[in-house]
Structures are given as structure tokens and as C-alpha cells.
Amino acid sequence: AATLIGLLSAGIVTTADLAEGHRPRFIRETVTELTGAWTLLLAILPVIPFMRSRPVQRPHVARRLLLHAGLSLAVGAAHTLLMWGTRSALFPLLGWGAYDYGDMRYRFPMEYQKQAAVYVLVYGLVRLVAYVRRGRETELRASELSRELTEARLAALTKQLQPHFLFNAL
């Protein structure tokens, strides 16, 4: 999924270059966008267990919102630094010279706008999976209870029939 998002983003940047009359640099844009997508994956994967274990729900709504807001800021900062570091290492190796990420005072808030949206999306997916899983577990338990009830009824009928069969046989 991260690779697909990175490739789609590279395609968007490339077509934007074409639309603005600039010469597209598809390989460079692909490397840039893939490093962005992959490093976001690296930054957010360790947070998923936290998202599972601390849902925003009553009675902890305000506290959990603050926790998730703080965590999303940490993920955002980590992602921005990972992108900068990865590109700073790769660009010279690929012969493109030093990577210029611009003024970091603006880069962190600019990147965080996208990162916050991704954090909320991933949190929503994690909660959706938990909801579906809980529903399946409820269905499974109901099915097991129904089976146990059927077996209990069958056992009761068997016990009711046994004395009559014995009496009729005698």
C-alpha cells in the first residue's frame, strides 16, 4: 500500500510538472515520493498497538484525544526527520547532489498537515478492524451457545426417551 501511494504521488507530481510546463524528473520524483511513503510506514507501524489498546471512548475521551494528538505530533516529527535523513543519504549516492529540504521551521508544519490526516485514517482503520473482529467474535460465541443449546436439548430428549424405550421393550 505504501509503495502504491508513493507511486501515485510520483505520478501526480510528474503530471503537475508537465501541466506547469516544467521538464518532469520522474525517477527523482519517484525516489522522493517513495521515501516519503515508506518512512511514514516506518513511523506509524509501531504506533498501531497503541491505537488498538487505547481507543478514544468513554470515560477517557479527553485524555485519549490528548494522548493521540501528542503521539501524532511525534509520528509527524519522526516521519519528517526520516524523510530528510533518507533523502539526504540517497540523493548524493544517486548523483543528484545534496538534498535540500528547505527551511525546517516551515517543513515540519507543512508535512504535519498530511501526517495528521494519515494518522486519523490509520486510527479509523484500526478501530474498524477491531469493531469487525468484535462482531465476528460475538457471532462465533452466539453460534457456539446455539450449538451447546441444541446439544443440551438433544441430551434431554435422549434421557426422556430412554425410560419409555426400556418400558416398551419390557
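1. Y99 counts as buried in this predicted model, because its relative accessibility is 17% and the cut-off for a buried residue is under 20%.

2. A pair of aromatic rings is described by the distance of the centres and the angle of the planes. Read in that way, F91 and W96 form an edge-to-face pair, with 5.1 Å from centre to centre and 80° between the planes. F91 counts as buried, at 1% relative accessibility, whereas W96, with a relative accessible area of 24%, is partly exposed. A search of the whole structure finds 3 aromatic pairs, and ring pairs link F91, W96, Y99 and Y101 into a cluster.

3. In soluble globular proteins, nonpolar side chains tend to be buried together. The largest nonpolar core here has 10 residues, namely A43, I44, V47, I48, M51, V75, Y119, V122, Y123 and V126. Helix 2, helix 3 (48-53) and helix 5 (104-169) each supply at least two residues of this core, and helix 5 gives the most, with 4 residues. If neighbours within four places in sequence are left aside, V122 is in contact with I44, I48 and M51. A second, separate core has 5 residues, including V31, M83, F91 and Y99.

4. Helix 2 deserves a look of its own. This helix runs over residues 26-44, which is 19 residues, and reaches 27 Å from its first C-alpha to its last, close to the 27 Å expected at 1.5 Å a residue. Among its buried residues are V31, A43 and I44; V31 belongs to the second core, while A43 and I44 belong to the largest one. The buried residues of helix 2 also include E29, T30, T32, T35 and T39.

5. For the chain as a whole, the secondary structure comes to 5 helices and 0 strands, in the pattern α-α-α-α-α along the sequence. The radius of gyration is 28 Å, well over the 15 Å that the globule rule gives for 170 residues, so the chain is more spread out than a compact globule. Along its principal axes the C-alpha trace spans about 100 × 35 × 30 Å.

6. Of the 170 residues of the chain, 24% count as buried. Among contacts with a separation of 6 or more, 65% are between residues 24 or more positions apart.

Note on methods:
Residues are numbered from 1 along each chain as its sequence is written. This is a predicted model: local features need pLDDT of at least 70, side-chain atom pairs count only at pLDDT 80 or more; totals for chains, interfaces and linings use all residues. Side-chain values use heavy atoms; hydrogens and water are left out. The expected span of a helix is 1.5 Å times one less than its number of residues. Buried means under 20% relative accessible area, exposed over 50%, partly exposed in between (1.4 Å probe, protein chains only). Rings of Phe, Tyr and Trp (its six-membered ring) pair if their centres lie within 6.5 Å; planes under 30 degrees apart count as stacked, over 60 as edge-to-face and the rest as tilted. A nonpolar core is a set of buried Ala, Val, Leu, Ile, Met, Phe, Trp, Tyr and Cys residues joined through side-chain atoms within 4.5 Å. Contact means heavy atoms within 4.5 Å. The radius of gyration is taken over C-alpha atoms; the globule rule is 2.2 Å times the number of residues to the power 0.38.
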